[in-house]
Amino acid sequence: MDWIQALILGLVQGLTEYLPVSSSGHLQIGQLLLNDGEPFPGGLTFDIVVHVATVLATLVILWKEVVWIFKGLFKFQWNDETRYTANILISMIPIGVVGLCFKDQIEAIFEGTLVVGVCLCVTACLLALTHFYKPKEREHISPLHAFIIGCAQACAVLPGLSRSGSTIATGLLLGNSRKSLAQFSFLMVIPPILGEALLDFKHIFAPSAEYLAEHGAEAAIAPGVLFVGFIAAFVSGCFACKAMIELVKRTSLIWFAVYCAVIGVGVIVYSCMGC
């Protein structure tokens, strides 16, 4: 991977992490397009770096909300901030179970461009539902709804199923307000993304015999290339995070549904032609 490819893939990751179009699916498609239909050597390391960059982008854009949460926690009393934190922790339960117990099995079963295409179409259906079904809104996210939204996030471990699209669409279909969902859906993904990065780093620096047999040793990527990808993902992530919060608050997600459907069908056709 050279720095131009890293720049392009970093921009793809940063822009699509927050838009409801699946960053993992686009990152996989981008690598295939830039490398003659094959993943880049060292792609796992690059994926970790750009995902951490988008987490930092979230912290920068939502720093006021993060400070508000921590100030409330250090009051050591049951208040709005601790309720919000409790809901985030509840939302993490499904992805924690899936990530720790079933992540490797899921990745082994559901892989390839065909899965990405199908999951993009599923994302399109979810987003389209929010356009046609609009229940009465409630201002605050309940613990039960936080858990259900967390289940949607757990399903988004499938490549092509958008994490932000799944969580936002599920929350809207449950009747939660757009304003509360926009921030909650981005804050709730920070711990799982960092946790996933730590698990993946373990595979890179201390790979098991089973991992080496299946994937081989992780190829090294030049530090400068990783830095370019990190900066590209961070800067574009800041832009996309801020823009997506406003889009969720004010507009329908139907055009993202159309985009996902078109890309998904295209990926399915491409995959079938390669069979």
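Which helix gives the most to the lining of the largest cavity?

Author: The model is a predicted one, in which local features need pLDDT of at least 70, side-chain atom pairs count only at pLDDT 80 or more, and totals for chains, interfaces and linings use all residues. Residues are numbered from 1 along each chain as its sequence is written, and side-chain values use heavy atoms, with hydrogens and water left out.

Helix H3 gives the most to the lining of the largest cavity, namely 3 residues. Helices here are DSSP runs of H or I with at least four residues, strands are runs of E with at least two, and both are numbered from the N terminus. Helix H3 spans 43-61, and helix H1, spanning 3-18, likewise supplies at least two residues of this lining.

Rolling a probe the size of a water molecule over the atoms shows where empty space is left. On a 1 Å grid over the protein atoms alone, a cavity is a set of points where a 1.4 Å probe fits but cannot get out; a pocket is an open set with protein on both sides within 12 Å along at least five of seven lines; lining residues have an atom within 4 Å of a point. Grid points are joined across faces, edges and corners, and a volume is the space filled by probe spheres set on the points.

The open spaces may be considered next. The second largest pocket contains about 450 Å³ of space. It is lined by 15 residues, of which Trp68, Tyr84, Glu139, His140 and Ser180 are the closest to its centre. Helices H4 (63-73), H5 (80-101) and H10 (178-187) each supply at least two residues of that lining, and H10 provides the largest share, 5 residues. The classes represented are 6 nonpolar, 4 polar and 5 charged.

Helix H10 includes Ser185, which counts as buried because its relative accessible area is 1% (buried means under 20%, exposed over 50%, and partly exposed in between, with a 1.4 Å probe and protein chains only). Beyond its neighbours within four places in sequence, Ser185 is in contact, meaning heavy atoms within 4.5 Å, with Thr167 and Ile168.

In helix H5, Asp80 and Arg83 lie 3 residues apart, about one turn of the helix. Their side chains meet in a salt bridge at 3.2 Å, N to O, the term denoting a side-chain nitrogen of Lys or Arg within 4 Å of a carboxyl oxygen of Asp or Glu. The structure holds 1 salt bridge. Asp80 is exposed, at 52% relative accessibility, and Arg83 is partly exposed, at 37%.

As for the whole, the chain has 14 helices and 0 strands. Of its 275 residues, 48% count as buried.

Definitions and conventions. Ala, Val, Leu, Ile, Met, Phe, Trp, Tyr, Cys and Pro count as nonpolar, Asp, Glu, Lys and Arg as charged, and the others, Gly among them, as polar.
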